[in-house]
Amino acid sequence: MIKTRAAISPTGYPHIGTIYQALFDYAFAKRHKGKFIVRIEDTDQARLVKDAEKKVFSALDWFRLEEDESPRKGGPNGPYRQSERLDIYKKYAQELVEKGNAYYCFCSKERLDEVRKKLQAEGKIPMYDKHCRNSKDQKLKIKTGEPYVVRLKVPENKKIVVKDEIRGEIEFNSSEVDDQILLKSDGFPTYFLAVVVDDHLMEVTHMVRGEEWLPSSPKIALLYDFFGWEKPYFIHTPIIRNPDKSKFSKRQGHTNVSWYQEQGYLPEAILNYLALMGWSHPEGKEIFSREEFIRLFDFKDIHAVGPIFDLTKLEWMNGEYIRKAKISNLKFLIFNFYNKKYSEELIGKTVPLIQERIKKLSDYLPLCEFFFQKPEKYEVDISEKKVMLQKVAETISALADWKADVIGEKMQESAKNLGIKNSEFFMTLRVAITGKKISPPLNESMEILGKKECLKRIKNIM
RNA sequence: GCUCUCGUCGUCUAGUGGCCCAGGACGGCAGGUUCUCAUCCUGCAAAUCAGGGGUUCAAAUCCCCUCGAGAGCACCA
């Protein structure tokens, strides 16, 4: 059974990169009728952020990336929150020590800092100097209650080969691998111990994580070997980048999922866009459903190149999804987007007019606010057009049938009679009614507004 | 600094020895449709396939070197 897992550390807001990875995890698991697990990696007590876990789940829900196993759903291999699995890690750390693949270390932080500084000054990689590796009195010190950590005993001068499903085999020399701390002095595991133990116990078959983890993969491989466990497939997904090619960051882009929600992006559109970063549809399609993606996606087809996040293309894609949406659904989305503040019925009437004019839900109000309240200011000064407006008011008053096409016909007639060019005529009227130079089609808008309201707005100018 | 990864239009990418004087999409530009905007349609520009050497009848595709970019190097994940 194929099992993938999203490892989430609750240290902040839900990140778009997390969704990017979760999408691949999810799609692959679903394609193979497997399971998608969400695990909370809260082993760093200092960085823990309250509510972060809740927010991540609500983000996953928004994208409909539904998990099969997680802290909130449970599952056969729980608990799924690492802070609740401390005993397990301790046990396995001990096992490693007993086998001679790990050792206790009593070095103080001060000493570690010194060692690091010294190595750095010499132009070497800052690594632990293995000071405690062969000390004899380890057991004694533990009995006296001295604080300790457990470190990985990395073999000397050994080639470690890690197979990445996207990049192929990667070779590392163990001399460049640090004696990583596995168990911290507070009894919590570090990431390395925790993932390996959990992934094994939870039967994860495909370990998917960001490319930034690639350099540490020999540590993971080593741990699997020491435990004598079968390794999962290793997959390192490309890192999303800023326009300057650095790792996607808050400073240069919008990394927070909530920003996209506030802007009125649709989750399906974002997912579609994300799917196209590093992966491409075999037929070159740009727009495709989640189901189609699931049917076609494979890790092997991912490019190892870090793609730059292009908001412009996302916007275009979002527009595509909006245009594709059913009127009733779009109405519902807009109604909710503005917290049900505006009349659902009125929104419903206006939606057909603006469906192909907005790219994000937040584009709606600037374009349609005039439906809900009369213009407060006018983008163009039309106070000189009183003669024309007077005539228009008269024409409108006389209109019995208040329908867009009839209004249009009569307006064209008026323009002709007044000897005003169509474009100029309609622009003036548009500003009078909407206050803006850009608006949905005027005749239809006027129909929706109603004869009385239109007359009121025209007279308001005079 | 050291280690690892990557390098096709501005951006996302197709491409796995001949179908490629490199295709699609976004964006840009020009035009058409139109009461504005948008949609839609048509067209154009845009990559010496990072550079240089090989191998081959034939290379974006295989090999070597150089350069460039990114990531990692914590009792953080």
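Q: How do α16 and α18 pack, at what angle and how far apart are their axes?
A: In this predicted model, helix α16 (residues 404-418) packs on helix α18 (residues 442-449) at about 120°, with the axes 8 Å apart. Axes are lines fitted to C-alpha atoms, for helices over the stretch in contact, and angles run from 0 to 180 degrees between N-to-C directions. That makes α16 oblique to α18 (under 35 degrees is roughly parallel, over 145 roughly antiparallel, 65 to 115 roughly perpendicular, the rest oblique).

Q: Which residues make that contact?
A: Ala 404, Ile 407 and Gly 408 from α16, and Asn 443, Glu 444, Met 446 and Glu 447 from α18. Contact means C-beta atoms, placed from the backbone, within 7 Å.

Q: What about α17, how does that one sit relative to α18?
A: Helix α17 (residues 422-434) crosses α18 at roughly 30°, and their axes come within 11 Å. That makes α17 roughly parallel to α18.

Q: And which residues meet there?
A: On the α17 side, Phe 426, Leu 429, Arg 430, Ile 433 and Thr 434; on the α18 side, Leu 442, Ser 445 and Met 446.

Q: How are the helices and residues numbered?
A: Residues count from 1 along each chain as its sequence is written, and chains are lettered from A and ligands numbered from 1 in the order written. Helices (H or I, at least four residues) and strands (E, at least two) are DSSP runs, numbered from the N terminus.

Technical notes: This is a predicted model: local features need pLDDT of at least 70, side-chain atom pairs count only at pLDDT 80 or more; totals for chains, interfaces and linings use all residues. Two residues are in contact if their C-beta atoms, placed from the backbone, lie within 7 Å.
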